[in-house]
Every structure is written in structure tokens, then in C-alpha cells.
Amino acid sequence: MGVVNVTPDSFSDGGVNLAPDDAVATARRLLAEGAAIVDVGGESTRPGSRGVTAEEELRRVEPVLEALAAEPVSIDTSKAAVARRALELGAELVNDVTALRGDPELAGVVADSGAYLCLMHMQGEPRTMQVAPRYEDVASDVAAFLGERLAFAVAAGIREDHVCLDPGIGFGKTVEQNFELVRRLDVLLALGRPVLVGFSRKSSLGRLLGDPEATTGTTAASVGAAVAAYERGATILRVHDVREHAEALAAARAVLG
Ligand code: HH2
């Protein structure tokens with residue numbers, strides 16, 4: 001899954017794809033480099049961010065989605081109005097970082113459309129989530145949450161076999177908790193659904209490499225985390241640098257068989 005943030009303020013590529021033409025060109029490049037789908041988002045959820053209105057989010061993503069109508073697209077939103085329009089324009093997956101807690105109408109929109117859905121774990125909200133993340137046991141707490149949200153989605157009429165689950169790397173977790181979640185991915189896989197991991201460029205990678213104030217991580221560190229996640233059973237990797245990840249995964253697959 002290639003990332004296309006149509007935002008001025010995303011943590012690693014803010015502003016790069018704010019102009020629709022740039023976003024569309026990036027999406028097409030990521031698909032050509034090997035992405036199976038591109039995740040288009042119009043709102044940053046980086047630590048400390050406050051969110052934007054549905055009108056602003058739609059203003060950013062609509063022209064991009066229109067141009068990409070024939071391509072495999074995921075919409076990164078927690079708002080029903082944005083998801084509804086994106087699905088009309090051909091998006092096939094709704095990627096909701098709030099796991100259907102942000103907008104009470106989103107579950108119905110996904111159910112009615114028959115779209116795929118990604119449910120992500122987040123502790124707290126972007127504005128404050130990195131202040132003091134707390135877990136009894138991070139892997140089992142995240143798995144319990146995702147199991148509950150999966151049951152909620154299914155009860156709302158969403159097909160279980162259309163849902164993937166995501167531990168939400170960087171969303172209310174310490175550096176160590178982020179790595180532990182991937183190390184113990186089997187705990188999430190036990191829920192029986194495909195697992196998506198989004199470690200790409202995240203600050204935990206920069207902090208691991210010695211900068212305690214890092215807000216991003218390098219491509220090389222992202223690739224390392226992605227290959228390890230793949231080896232632990234992740235089947236969808238949400239990444240900014242598709243070519244590098246595709247090449248690394250091809251080699252990893254050749255070794256692992
Ligand atoms: N991470 C980000 C945004 N959406 N969705 C899922 N399912 N999983 C993730 O790990 C995830 C996500 C944050 O990354 P990015 O989109 O690059 O930044 P921003 O939120 O600042 O736009």
C-alpha cells in the first residue's frame with residue numbers, strides 16, 4: 001500500500017502532494033513501482049495534530065480521487081462524508097485510524113458499499129496520544145481492542161472477510177511498544193484477519209537510531225521494519241517508498257520461500 005498524503009502537514013511528506021496534479025503523479029508512480037493500492041488521505045494524524053473539517057478534507061482529496069478513478073485506491077479517512085464520496089469515485093477500501101469510533105455513520109457507509117475496511121488501533125487521539133501511553137500488555141491489549149472493533153464492524157453489516165487489522169504503529173505507543181507489537185504480531189494474527197503494518201518513516205525508527213527528538217525515520221530503517229513485519233506475518237505494508245520496499249520484499253520472499 002503506497003501512501004499519498006494530500007496535506008500541507010503530514011509528518012514526513014507534508015506539502016509534497018498538496019497540489020492535485022502532484023498527488024496523482026505520485027500515486028501513479030507508486031503503482032508503477034509495485035504498490036497494489038494507493039492510500040489517499042486529506043488529513044494528517046501525526047502526533048499533536050488537530051484534524052480538519054470534512055469540507056476541507058474533501059476539497060483536498062476529491063480531484064485526486066477523480067483522476068485516479070480507474071486505479072486501485074484506498075481512502076484514509078475517519079469521516080463518513082469523505083468515505084461516501086471516495087467510494088462513489090471508485091475507492092475500494094476505507095482506512096479508518098479510529099476503527100469506526102470517529103464518526104457514527106461510517107460503519108453504515110462501508111456496509112452499504114461492500115467496500116474493504118482497515119481497522120487500526122489508536123490509544124487516545126492524535127493531539128495527545130504520545131503523552132503517556134499505558135498498557136497492561138501491549139500486544140494483548142491491542143488485540144482485544146481490534147477483536148472488539150471487528151465484532152462491531154460485523155454487527156454493523158460489514159463482511160468479516162473484507163476487514164484487515166492494524167496495530168497502529170506510532171498511535172499512542174512508546175518506541176519499544178511499537179517494536180514489540182511487530183515482534184508479537186502472532187497475537188494479532190490469532191484474530192484470523194490479515195494484518196497491515198505501517199512503520200514507514202515513523203519517528204520510532206529515527207529514535208531507535210539514536211535521535212531522541214526524531215519526528216521521522218529513514219527509508220532504510222523503514223524497509224528493515226517492513227521486512228521483519230512481513231516475516232512475522234503482515235500481509236499489507238503501508239509505505240511511502242514503494243520501490244525500495246518492493247525490491248526488499250522480493251528478496252525476502254525469495255529467501256523465505
Ligand atoms: N499511519 C498514518 C496514517 N494512516 N493508517 C493505517 N492503517 N496505519 C498506519 O500506520 C497509518 C495510517 C500516519 O502516517 P502518514 O499518513 O505518513 O502521516 P500523517 O498522518 O501525518 O498524514
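How many salt bridges does the count come to? Hold that thought; the answer is in point 4.

1. First, what you are looking at. This is a predicted model, in which local features need pLDDT of at least 70, side-chain atom pairs count only at pLDDT 80 or more, and totals for chains, interfaces and linings use all residues. Residues are numbered from 1 along each chain as its sequence is written, and side-chain values use heavy atoms, with hydrogens and water left out.

2. Now the overall build. The C-alpha trace spans about 40 × 40 × 40 Å along its principal axes.

3. Of the 257 residues, 53% count as buried (under 20% relative accessible area; exposed is over 50%, and partly exposed is in between, with a 1.4 Å probe and protein chains only). The accessible surface comes to about 11,000 Å², and 52% of it belongs to carbon and sulfur atoms; the areas come from the Shrake-Rupley method with a 1.4 Å probe. As for contacts (heavy atoms within 4.5 Å), residues 24 or more positions apart account for 65% of those with a separation of 6 or more.

4. On to the charges. There are 25 positive and 37 negative side chains, and the centres of the two sets lie 2 Å apart. Lys and Arg count as positive and Asp and Glu as negative, while His and the chain ends are not counted; each charge is placed at NZ of Lys, CZ of Arg, CG of Asp or CD of Glu. Side chains of opposite charge can pair when their charged atoms come close. Here is the answer to the opening question: the count comes to 22 salt bridges, each being a side-chain nitrogen of Lys or Arg within 4 Å of a carboxyl oxygen of Asp or Glu.

5. Arg28 pairs with Glu71, with the closest N and O atoms 2.9 Å apart. This pair links distant parts of the chain, as Arg28 sits in helix α1 and Glu71 in the loop between α2 (54-67) and β3 (73-76), 43 residues apart. Arg28 is partly exposed at 39%, and Glu71 is partly exposed at 24%. The other one joins Asp76 and Arg238 (3.1 Å, N to O). Asp76 lies in strand β3 and Arg238 in the loop between β8 (236-237) and α10 (242-256), so this pair ties together parts that are 162 residues apart in sequence. Both Asp76 and Arg238 are buried.

6. Asp161 and Arg159 meet with N and O 2.9 Å apart, and Asp161 is partly exposed at 42%. Glu62, Glu66, Arg85 and Glu88 are linked in a network of salt bridges.

7. Check the backbone at two spots. Leu100, in the loop between β4 (93-96) and α4 (106-113), has a positive phi of about 65° although it is not a glycine. Leu100 is buried at 5% relative accessibility. Arg201, in the loop between β7 (196-197) and α8 (203-208), also isn't a glycine and has a positive phi of about 60°. Arg201 counts as buried at 19%.

8. Lys202 is in the loop between β7 and α8 too, and is buried at 14%. Leaving aside neighbours within four places in sequence, Lys202 is in contact with Phe11, Ile169, Phe171, Thr216 and Gly217.

9. Asn178, in helix α6 (residues 175-183), is buried at 1% relative accessibility. Beyond four places in sequence, the contacts of Asn178 include Ile169, Phe199 and Ser204. Gly14 lies in the loop between β1 (2-5) and α1 (20-32) and is partly exposed at 31%. Not counting residues up to four places away, Gly14 touches Thr7, Pro8 and Asp9.

Definitions and conventions
Helices (H or I, at least four residues) and strands (E, at least two) are DSSP runs, numbered from the N terminus.
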